[in-house]
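Trainee: I have a model to go through. Can we take it step by step?

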Amino acid sequence: MKITRIIGEDGPRTELCAGSACPAFILTESGEAFVQGTRLSADEAAQLSAPAHETFVKIPVAVLQRLAAQLDQ
């Protein structure tokens with residue numbers, strides 16, 4: 001699987017992560033995307049529901065805005 005890091009560690013938009021592996025977006029050559037973020041607290045998770053094979057992560061809105069700008073180029 002070939003991947004392209006868009007935001008996050010070793011990606012072109014590292015300013016939001018200060019060089020660490022914080023929130024990240026990774027695209028694959030097959031058209032899939034991976035999102036890395038902070039795990040939800042128990043209180044947050046209790047307010048959301050997802051199928052057993054899925055989960056939620058938190059990412060700053062600023063990361064989404066940077067991603068949208070990157071993909072529009």
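Mentor: Start with a term: two strands pair if DSSP finds at least two bridges between them. Keep in mind that this is a predicted model.

Trainee: In what order do the elements of the protein chain run from the N terminus on?

Mentor: The protein chain holds 2 helices and 5 strands. Read from the N terminus, the order is β-β-β-β-α-β-α.

Trainee: How many bridges join β2 to strand β3?

Mentor: Strand β2 covers residues 24-28. Strand β3 covers residues 33-36, and the two run antiparallel. The number of bridges joining β2 to β3 is 4.

Trainee: Which residue in β3 is the bridge partner of L27?

Mentor: Look across from β2 to β3, which run antiparallel. The partner of L27 in β3 is A33.

Trainee: Which residue takes a positive phi in the hairpin of β2 and β3?

Mentor: The hairpin has 4 residues between the strands. Phi is near 85° there at one residue, G31.

Trainee: Is T28 buried or exposed?

Mentor: T28 lies in strand β2. Its relative accessibility is 9%. Buried means under 20%. Therefore T28 counts as buried.

Trainee: How far apart in space are T28 and M1, C-alpha to C-alpha?

Mentor: In sequence, T28 and M1 are 27 residues apart. In space, their C-alpha to C-alpha distance is 6.9 Å.

Trainee: What share of the accessible surface of the protein chain belongs to carbon and sulfur atoms?

Mentor: The protein chain has 73 residues, and 21% of them count as buried. Its accessible surface comes to about 5,300 Å². The carbon and sulfur share of that surface is 52%.

Definitions and conventions: Residues are numbered from 1 along each chain as its sequence is written. This is a predicted model: local features need pLDDT of at least 70, side-chain atom pairs count only at pLDDT 80 or more; totals for chains, interfaces and linings use all residues. Side-chain values use heavy atoms; hydrogens and water are left out. Buried means under 20% relative accessible area, exposed over 50%, partly exposed in between (1.4 Å probe, protein chains only). Accessible areas come from the Shrake-Rupley method with a 1.4 Å probe; for residues, only the protein chains shown count as cover.
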